[in-house]
Amino acid sequence: MAGPGLSDTTRLAGSPYEIWRDILATNTDSIDRALAAYIAKLEHMRENLRTRQMQEQFEAGAALAARLRSKNGL
């Protein structure tokens with residue numbers, strides 16, 4: 001069910017809760033807005049699973065990943 005990228009996506013889960021408790025407590029509104037936007041994006045993707053729009057989403061994601069890699073030397 002998971003490829004080699006799973007360890008990268010779960011890296012922050014290894015951080016102590018005490019650090020995240022403070023981050024969450026001081027950024028609740030921003031985190032709530034970010035989660036709402038993320039959920040909306042996921043719902044949009046679910047609605048378009050079998051459409052051409054999914055190809056466009058993947059192409060946009062690939063372009064973003066390429067930009068991030070070139071800026072960060074990854």
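A residue is termed buried under 20% relative accessible area, exposed over 50% and partly exposed in between, with a 1.4 Å probe and protein chains only. The model is predicted, so that local features need pLDDT of at least 70 and side-chain atom pairs count only at pLDDT 80 or more, whereas totals for chains, interfaces and linings use all residues. Residues are numbered from 1 along each chain as its sequence is written, and side-chain values use heavy atoms, with hydrogens and water left out.

D22 is partly exposed, at a relative accessible area of 43%, and R21 is likewise partly exposed, at 37%. The side chains of these residues, R21 and D22, form a salt bridge with an N to O distance of 3.5 Å. A salt bridge here is a side-chain nitrogen of Lys or Arg within 4 Å of a carboxyl oxygen of Asp or Glu; by this rule the count is 1.

Helices are DSSP runs (H or I, at least four residues), numbered from the N terminus. The axes of α3 (residues 28–47) and α4 (residues 52–72) come within 9 Å and cross at roughly 135°. Axes are lines fitted to C-alpha atoms over the stretch in contact, and angles run from 0 to 180 degrees between N-to-C directions. Helix α3 is therefore oblique to α4, oblique being the class left after angles under 35 degrees (roughly parallel), over 145 (roughly antiparallel) and 65 to 115 (roughly perpendicular). K41, H44 and M45 of α3 and Q53, M54 and Q57 of α4 make the contact, defined as heavy atoms within 4.5 Å.

N48 lies in the loop between α3 and α4 and is buried, with a relative accessible area of 12%. Neighbours within four places in sequence aside, N48 is in contact with Q53 and M54.

Methods: Helices (H or I, at least four residues) and strands (E, at least two) are DSSP runs, numbered from the N terminus.
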